[in-house]
Amino acid sequence: MRSQIHSLRRNAIRCFGSLLIASLITPTVFGAGTTVRFAGDSSGTGGAFIKKLCDQWAQKTGNKVEIISRPQDASATLQQYQQYWAAKSADVDAYQIDVIWQGIVAPHAVDLKKYYKDDEVKAYFPRIIENNTVKGKLVSIPWFTDAGVLYYRTDLLEKYGYKEPPKTWEELDEMAKKIQEGERNSGKRDFQGFVFQGKASESVTCNAIEWVYSYGGGVIIEPDKKVTINNPNAIKALQTAKSWVGTISPAGVVTYGEEEARNVWQAGNAAFMRNWPYAYALGQDPKSAVAGKFDVTVLPKGGDNGKNAACLGGWNLMVSTYSKAQDVAADLVRYLDSSDAQKQRAVELSLLPTLPALYADSDVLAKNPWFKNMLEVLKNAIARPSTVTGADYNQISTAFFQSVNKVLSGGQSAQDAVKEVEKVGKRLVR
Ligand code: GLC
């Protein structure tokens, strides 16, 4: 990651020089022959897919796209982007941004209403459009949405006599223990019951908000600005998660992001995994050890009286207000986000479209039969407290993920953790 930061900085310095000269000659660039710099995914199948679309657009329009890679980790990505925004840099024209950053990004974003007709905007999930609209400005256009889901091994559930995936975390714990013990006894020494994201970053914020909400412990700061995290249900949720570490989950889970969890899972070394939809297409690849052996369902409830909770995630596209090629960048954004592109991406990468119409598309459903349940999951998905905290969201999330990570690692009690997060929350929404 450090080398990525360095190369980004190098790039930034190099581009700054050339853009300064270019901007003196041509303050705004409109037509063919323009290079659009897009900061987004560049590695793995997701990166390859973006590159393919960018190349198509470049060929069609006679422009060029330079992709500036971002780290896999959302929190590290924000740090990088903030360097550009703080410098009002014209070195990046368009960004792939997280659903929780709208309040942070708003001052640096072009109002995309300029580039989308009203009925085009209406075709997206209204909830995401609302989330992405800050003081009347459409900060970003929804690209793909995300919801936390439970992956489970159908073959192993059958082998150990289970007819259904777990309905509560307590059931998951029990099943994971039995399967883990059985698999380890039959020689798979590294087999794990449950893998998830415990890393001190936005990754564990998403996991932990699901645990807390599922036990009836709220969403840290409620939409009416009440800071609710210091409550017995939230404490119970964190204690429950802590009890998994070193039993059904590896001790190292406290350093796992999405990809670390997926690597264990996809190698066939876990019974259950919490992750985002992207892991489905990768897991079903013929080269994957778990292809044809797993399914996806809603995350468990916290006890019999709990609720199902899927954290709402997702990525969006914005055009920088510091860009010297805003119109061309917006044209690329429109191309990357078209219905065709979203459909292709759902089929190839199992990423959830932001156009509800695509959930009834037969090609999408043929490849991802479980998408038929996702409209309902998305409708009930739990938003992190980013609208209520706006530009300060990262402060509350950082306090939360650091404390939760300490609880999981055994360095802090759940009671102390929620008190600390409460303090930060109260300062922010005062
Ligand atoms: C996924 C989600 C994003 C979230 C991130 C955390 O990429 O789409 O919203 O912040 O995971 O790791």
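**Reading a buried strand and a ligand site**

Mentor: In this predicted model, 6 of the 6 residues of strand β9 (residues 270-275) are buried, so β9 is largely enclosed by the rest of the structure.

Trainee: How should I picture the side chains of a strand?

Mentor: As a general idea, the side chains of a regular strand alternate between the two faces of the sheet. In the case of β9, buried means that a residue has under 20% relative accessible area, and 6 of its 6 residues are buried.

Trainee: Which strands are joined to β9 by bridges, and do they run parallel or antiparallel?

Mentor: Strand β7 (residues 149-153) is joined to β9 by 4 bridges, and these two run antiparallel, with Leu-150 having Arg-274 as its bridge partner in β9. Strand β8 (residues 192-195) is joined to β9 by 3 bridges and runs parallel with it, and here the bridge partner of Gln-192 in β9 is Ala-270.

Trainee: Turning to the ligand, how many residues surround it?

Mentor: The ligand is surrounded by 13 residues, of which the closest are Asp-98, Asp-146, Glu-258, Gly-314 and Arg-384. By type, the shell divides into 5 nonpolar, 3 polar and 5 charged residues.

Trainee: Which atom of Gly-314 is 2.8 Å from an oxygen atom of the ligand?

Mentor: For Gly-314 it is a polar backbone atom, whereas Trp-276 places a polar side-chain atom 3.1 Å from a ligand oxygen. The protein covers 93% of the 310 Å² of accessible area that the ligand has on its own.

Trainee: Why does the ligand lie between domain 1 and domain 2?

Mentor: Domain 1 (32-139 + 313-376) and domain 2 (149-311 + 383-429) both give residues to the shell around the ligand, and therefore the ligand lies between them.

Conventions. Residues are numbered from 1 along each chain as its sequence is written. This is a predicted model: local features need pLDDT of at least 70, side-chain atom pairs count only at pLDDT 80 or more; totals for chains, interfaces and linings use all residues. Side-chain values use heavy atoms; hydrogens and water are left out. A residue is near a molecule or strand if one of its heavy atoms lies within 4 Å of it. A polar contact is a pair of N or O atoms within 3.5 Å; within protein, one must be able to donate a hydrogen and the other to accept it, and residues adjacent in sequence count only if both atoms are side-chain atoms. Accessible areas come from the Shrake-Rupley method with a 1.4 Å probe; for residues, only the protein chains shown count as cover. Ala, Val, Leu, Ile, Met, Phe, Trp, Tyr, Cys and Pro count as nonpolar, Asp, Glu, Lys and Arg as charged, and the others, Gly among them, as polar. Domain bounds come from an automatic or database domain assignment. Buried means under 20% relative accessible area, exposed over 50%, partly exposed in between (1.4 Å probe, protein chains only). Two strands pair if DSSP finds at least two bridges between them.
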